[in-house]
Amino acid sequence: PKPVVAIVGRPNVGKSTLFNRLVGNRVAIVEDEPGITRDRLYRDAEWAGRVFTLVDTGGLDFAESGDIPRQVRRQVELAIEEADVILFLVDARAGLTSTDEDTAALLRRTRKPVLLVANKVEDFQRPGQLAEFYRLGLGEPIPVSAAQGMNTGDLLDRLVSVL
Ligand code: GDP
Ligand code: MG
C-alpha cells in the first residue's frame with residue numbers, strides 16, 4: 001500500500017497551496033480569508049520514484065462551532081491515526097501561535113515521523129520568524145514557499161527519506 005502523508009496546521013498557513021504544489025495540480029481550494037478546506041482531499045504524488053498519497057486537511061465537518069483550535073485538534077488526531085508521515089505546516093510570516101503550540105504538543109506524542117515546515121519564506125536572507133519554531137520541539141523547521149515553489153524539492157527529499 002502507498003504511504004499516506006498528511007498536511008496539518010492551523011487555517012491560512014498554506015496547507016492547500018502546498019498540497020496543490022506537491023501534487024502538481026490545482027485541486028484544493030486556496031482561501032484568501034482564514035478559512036477551512038471544503039473537504040479532506042486525497043491525491044497521489046510522486047518524488048524520486050516514490051509514490052505516496054497526500055492528504056489536505058481542514059474540513060467543514062468541524063466548522064460549525066467556529067472553534068478553530070478544536071477543529072485543528074480533531075484534524076491532527078485524524079492525521080495521527082491515518083497517516084504514515086505528518087507535515088506540520090506553520091507560517092513564518094505570522095510567527096508562532098498558541099494553536100501551533102497545541103498542535104505541536106499533540107504531534108510530539110506520536111512515534112510517526114513529523115516534519116516541521118515553515119511556509120511563506122520567499123526571501124531566504126530574511127526568513128521571517130523561523131527561529132522561534134525551534135521551540136516547538138520538533139526539530140529544525142524546513143523553510144519553503146508553497147506559493148513560489150521555493151525549497152519544495154528539499155522538502156520532498158526529506159519526506160521520501162522518512163517514507
Ligand atoms: P490553508 O487554509 O492552510 O489551506 O491555506 P491556503 O492554502 O488556503 O492559503 C492561505 C493564504 O496564504 C492564501 O492567501 C495563499 O495565497 C497564501 N499563501 C499560501 N502559501 C503561501 C506562500 O508560500 N507565500 C505567501 N506569501 N503566501 C502564501
Ligand atoms: Mg485549505
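# Walking through a predicted fold

This predicted model has 4 helices and 6 strands in its secondary structure.

User: How much of the protein is made up of buried residues?
Analyst: A residue counts as buried when its relative accessible area is under 20%. Out of the 163 residues in the protein, the buried share comes to 47%.

User: In what order do the strands sit in the sheet?
Analyst: The sheet is open, has 6 strands and shows mixed pairing. Its edge strands are β2 (41-47) and β6, since each pairs on one side only. Going across, the order is β2-β3-β1-β4-β5-β6.

User: Do β2 and β3 run parallel or antiparallel, and which residue of β3 does Glu46 stand opposite?
Analyst: In general, strands of a sheet pair through backbone hydrogen bonds, in either a parallel or an antiparallel way. Here, 7 bridges join β2 to β3 (residues 50-56), and the two run antiparallel. The residue in β3 that stands opposite Glu46 is Val51.

User: Why are the buried residues of helix α3 on the same side?
Analyst: The helix covers residues 98-107, and its buried residues are Thr99, Asp100, Thr103, Ala104, Leu106 and Leu107. They end up on the same side of α3 because the arc they cover around the axis is only 155°.

User: What do those buried residues of α3 pack against?
Analyst: Think of the buried residues, such as Leu106 and Leu107, as the ones to follow here. Their packing partners are β1 (4-8), α2 (68-82), β4 (85-91) and β5 (114-119).

User: Is Asp100 buried or exposed?
Analyst: Asp100 lies in helix α3. Its relative accessibility is 0%, so Asp100 counts as buried.

User: Which side chain makes a polar contact with the side chain of Asp100?
Analyst: Start with the surroundings: leaving aside neighbours within four places in sequence, Asp100 is in contact with Arg10, Phe88, Val90, Gly95, Phe133 and Leu136. There's also a backbone atom to notice, as the nitrogen of Thr97 lies 3.0 Å from a polar atom of the Asp100 side chain. The side-chain partner, joined by a polar contact of 3.4 Å, is Arg10.

User: Where is Asn12, and what is its phi?
Analyst: You'll find Asn12 in the loop between β1 and α1 (15-23). Asn12 counts as partly exposed because its relative accessibility is 28%. Although Asn12 is not a glycine, its phi is positive, at about 80°.

User: What about Asn151: where is it found, and what is its phi near?
Analyst: Asn151 is in the loop between β6 (142-143) and α4 (152-162). With 25% relative accessibility, Asn151 counts as partly exposed. Its phi is a positive value in a residue other than glycine, near 70°.

Definitions and conventions. Residues are numbered from 1 along each chain as its sequence is written. Chains are lettered from A and ligands numbered from 1 in the order in which they are written. Side-chain values use heavy atoms; hydrogens and water are left out. Buried means under 20% relative accessible area, exposed over 50%, partly exposed in between (1.4 Å probe, protein chains only). The arc is that of the directions from the helix axis to the C-beta atoms. Contact means heavy atoms within 4.5 Å. Two strands pair if DSSP finds at least two bridges between them. A polar contact is a pair of N or O atoms within 3.5 Å; within protein, one must be able to donate a hydrogen and the other to accept it, and residues adjacent in sequence count only if both atoms are side-chain atoms.
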